[in-house]
Amino acid sequence: MFRHNALRCTVLLLLAAAALFQALTAGYFGLEILTEILILAILVLALDIAAGFGGMVSLCHGALMGVGAYAYAILSAKAGLSPPVAMAAALALTGGCAWVIGAICARSHGIYFIMATLAFGQMAYSYVFEAPVFGGDDGLGGIARLDLSLIGVDLNDSRSFALFCLAVLGAVYGASVLILRSGLGRSLAGVMHNEQRMRALGLTVWRVKADVFGLSGMIAGLAGVLAAQHVMYISPGLLSWTVSGEALVVVILGGLGTLVGPLVGAAAFVLLKHELSALTPHWHLVVGVILIAVVMSRANGIFGWIEACWGGRAERRAAKAVRKQKTKEVLSDA
Amino acid sequence: MLETRNLDKSFGAVHVTRDVSLKLERGERRVILGPNGAGKTTLFNQLVGELTPDSGSVHLAGADVTALPVAKRARRGLSRSYQKNTLFDGLTVEENLGLAAAVHTGSATQLWSDSLAKPEVREIVEEVAEQVNLTDFLQARVSEVSYGVRRQLEVGVALATRPHVLLMDEPTSGVGPEMAKGFHDLLNNLPRDLTLLIIEHDMDLAFDVADTITVLNYGEVVFDGLPEAARGSSLLKEIYLGSWEDA
Amino acid sequence: MAHDLGFWTLQALNALQLSMLLFLLSIGLTVIFGLMHFVNLAHGSLYALGAYFAASLAAIGGYWMGFFLAPVAVAGVGILLYSGLIRRMRKSGPMAQVLVTFGLIFVMLDLTRIFWGDLALAIDVPTLFAGRVELLGIEYPAYRLFIIGLGLAIFAALAFVLGRTQIGAMIRAGVDNDAMASCLGINVERLFFIVFCVGCALAGLAGVVAAPLLSVTPDMGLQILIPTLIVIVIGGLGSLKGAIAGSLIYGFVQTFGAVLAPQLASVLIYALLAAVLVIKPVGLFPAKG
């Protein structure tokens with residue numbers, strides 16, 4: 001079950017403030033990077049719900065994001081649906097796909113779960129790559145952004161779009177916390193800690209897993225819809241398994257099962273990528289080395305590490321308080 | 001209430017359950033005795049559905065449940081505790097009980113509300129916590145409490161699904177005599193209409209709570225009857241106490 | 001679309017050749033997993049490395065120098081990886097292993113780019129197998145037959161080693177229960193090391209033999225990784241039987257799928273994998289029941 005503590009709230013507020021400041025003041029390039037971070041953050045929140053809180057380490061979340069993006073692109077650009085309707089339909093479709101994948105994979109654990117999700121992700125990738133309606137390797141262009149002119153917002157302006165993504169991310173974060181604190185979220189925690197006992201208590205475990213995976217997939221689809229609107233062009237590369245792998249890297253680098261950590265991870269990853277790729281074409285090398293170092297250090301990512309340090313301090317403080325209390329009692333007894 | 005007919009199970013060459021037919025009436029309290037390796041836990045696993053018997057059937061409240069998965073049997077009022085603690089270690093005692101109560105009340109899959117905040121869940125949690133003496137430990141994490149407390153919680157979690165039939169696998173396993181006495185009181189305070197099937201090694205406890213006794217040896221029912229008869233039976237002494245003294 | 005018998009023979013041989021290539025890759029990966037419970041996503045990178053070593057060595061001393069030395073060189077890289085990273089990651093969960101080896105993919109990808117550049121390298125088919133051979137009424141490239149033969153030979157050798165020799169018995173015992181195996185006095189640590197090196201060498205060998213057929217590019221390891229993983233998951237982790245069965249299934253489904261249902265070919269194999277996982281979540285022939 002997810003709990004906020006002082007550290008998480010502080011980091012969350014700092015992140016929100018930084019993003020808002022950036023969104024209001026940055027130039028075009030800064031806004032592009034910010035939007036990229038925000039969209040990745042939505043994807044990794046989705047993955048953290050499944051992997052961090054449900055133990056469902058998925059290598060198909062990139063593909064689910066791609067399904068959302070393609071569904072939106074096809075429905076809005078080719079089928080002529082209005083963007084809000086296309087968006088809702090894309091989310092429903094991605095959620096449905098993810099629910100089915102979750103239901104099928106619910107019996108698999110560990111490496112088999114990872115491989116099974118990888119297979120489904122690759123299946124989507126190959127299908128999109130091959131089917132002519134999706135434009136194959138060339139991808140699809142001319143994707144429209146949501147029209148918010150009714151409330152006086154023009155999303156074609158990159159500042160407005162960044163702010164819009166920030167608002168969506170905020171909503172997704174709130175929804176994630178609600179999901180994790182619901183009856184479903186508590187049961188998910190139960191399943192992750194002890195699946196056998198949950199079953200013995202009468203819980204239909206696969207349904208819980210499928211429901212959560214479906215919700216998580218829907219959020220990934222939302223990231224895809226935003227990504228399609230952001231770049232206004234999509235290609236099958238979006239569904240490649242390396243995208244899922246990178247999302248997993250971000251969740252781990254940030255801190256699995258902390259929600260806030262993956263947000264930090266998303267910001268760090270995108271910034272690092274841009275900084276490094278300006279310096280060297282071999283930025284993957286550096287990212288790879290950092291990844292290996294973090295995982296080998298056995299800390300739960302950047303945020304996990306901070307939390308552990310913080311937790312150590314808090315524990316020492318608590319111990320000190322207990323000692324003081326005891327001394328007082330001894331004194332008053334005397 | 002709970003019945004097995006000709007239950008049979010082998011693992012390769014090892015015949016772990018031989019033609020076991022049991023019948024428990026509603027409210028009956030039966031203790032299963034038998035030396036280690038007699039197939040007691042294996043029988044439990046087949047009753048709850050964690051193992052599928054090779055042949056024979058399991059009936060719960062008159063209905064054949066042999067083909068039903070674990071969760072569906074549990075929802076029909078069959079609950080069990082484990083010989084080895086099978087708890088949610090990272091969660092608090094309250095959350096452990098709450099998970100079970102939430103499944104029972106149907107709020108375990110709800111997306112729109114926190115199951116632990118629901119009055120019907122809270123009511124069960126508090127009541128069970130009182131029954132198993134855990135009221136003072138509700139906020140403690142399972143990983144932080146003593147073995148004895150976990151042992152109580154093991155039974156508490158099984159009780160929090162408000163079962164009609166409760167299977168307890170050696171509830172006093174590994175606890176001291178004082179705590180065993182506590183379990184004794186707990187068992188005597190359970191509602192009379194709850195059907196109980198208990199695997200127990202503590203003879204005093206067994207003969208005290210049992211309405212009926214079943215003795216298993218090499219997977220086979222070798223005695224089935226009243227405690228008084230079991231106490232006098234030379235067969236039981238030979239099989240159970242004999243091997244017990246040897247060990 | 002009347003295809004004659006020759007056409008189908010050709011397709012069957014193509015399928016077999018793909019299967020054997022995948023077998024060389026998957027056998028190392030699957031036994032390493034079965035024995036050490038270690039998921040090495042960088043296995044494909046070792047394959048790419050094998051191809052690059054072969055390309056460089058072939059430029060110096062011809063194809064056969066690469067053929068014999070490149071697998072050894074890849075095994076050398078395997079030793080470095082084993083002592084530097086993998087020994088320490090053995091007890092970590094699958095997720096940590098997936099991530100570390102995912103990081104390794106990034107690192108090795110860029111390292112090959114730095115050393116050999118982005119452009120594709122080509123190496124020639126050795127003169128010994130340069131021509132075509134008349135077989136079952138069709139003409140078939142001798143080099144592809146060589147790959148089929150090599151794969152079958154390695155399969156036979158491994159079946160003999162695993163089934164009939166003492167070290168094979170040790171490996172099987174280790175796959176079955178490594179704690180018990182070490183109680184029986186088997187030096188499990190050394191066994192792991194040997195198996196890991198042999199697995200790496202076989203991956204390198206696969207890279208060498210694939211090099212003349214495909215062009216040698218930095219991402220060839222990434223491209224082969226997914227098929228290899230599919231093979232071992234369909235076949236079941238840890239077993240020789242699983243690796244060969246999975247390879248054949250993949251090779252034939254892929255090749256004949258492309259002929260019979262071109263639109264569905266690539267989706268077909270993933271659908272098959274999903275179906276296997278639904279029906280038998282641990283694959284067709286897992287080493288452990």
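## Basis

The model is predicted: local features need pLDDT of at least 70, side-chain atom pairs count only at pLDDT 80 or more, and totals for chains, interfaces and linings use all residues. Residues are numbered from 1 along each chain as its sequence is written, while chains are lettered from A and ligands numbered from 1 in the order in which they are written.

## Chain A

Chain A has 13 helices and zero strands; helices (H or I, at least four residues) and strands (E, at least two) are DSSP runs, numbered from the N terminus. Its radius of gyration is 22 Å, close to the 20 Å that the globule rule gives for 334 residues, so chain A is as compact as a globular protein of that length. The radius is taken over C-alpha atoms, and the rule is 2.2 Å times the number of residues to the power 0.38.

Along the principal axes, the C-alpha atoms of chain A fill a box of roughly 85 × 50 × 45 Å. Of the 334 residues, 55% are buried, where buried denotes 20 or more other C-beta atoms within 10 Å of the residue's own, exposed 12 or fewer, and partly exposed in between, with C-beta atoms placed from the backbone.

## Chain B

The secondary structure of chain B comes to nine helices and 10 strands. The radius of gyration of chain B is 18 Å, close to the 18 Å from the globule rule for 247 residues, so this chain is as compact as a globular protein of that length. Its C-alpha atoms fill a box of roughly 55 × 40 × 35 Å along the principal axes, and 45% of its residues are buried.

An open sheet of six strands has the order β6-β7-β8-β3-β9-β10 (chain B), with mixed pairing; two strands pair if DSSP finds at least two bridges between them. At the edges stand β6 (78–81) and β10 (220–225) of chain B, each with a single partner strand, so one side of each is left without a neighbour in the sheet. Strand β9 (residues 212–217) of chain B runs antiparallel to β10(B), joined by five bridges, and Asn217(B) stands opposite Glu220(B) in β10(B).

## Interfaces

Between chains A and C, 33 residues of chain A are in contact with 34 residues of chain C; contact requires C-beta atoms, placed from the backbone, within 7 Å. On the chain A side, α5 (110–130), α10 (241–254) and α12 (283–296) each give two or more residues, and α5(A) gives the most, with 14 residues. By class this side has 23 nonpolar, eight polar and two charged residues. Ala, Val, Leu, Ile, Met, Phe, Trp, Tyr, Cys and Pro count as nonpolar, Asp, Glu, Lys and Arg as charged, and the others, Gly among them, as polar.

Chain B touches chain A through 28 residues, in contact with 24 residues of chain A. The largest share of the chain B side, five residues, comes from α3(B). That side divides into 15 nonpolar, eight polar and five charged residues.

## Chain C spans

The unreviewed UniProt entry annotates "transmembrane region" on spans of chain C including 98–123 and 191–214; annotations may be inferred rather than shown by experiment, feature names are shortened, and positions follow the numbering used here. Residues 98–123 of chain C are 73% helix and 0% strand, with end C-alpha atoms 32 Å apart. Residues 191–214 of chain C are 83% helix and 0% strand, and the end C-alpha atoms lie 34 Å apart.

How values were computed:
Two residues are in contact if their C-beta atoms, placed from the backbone, lie within 7 Å.
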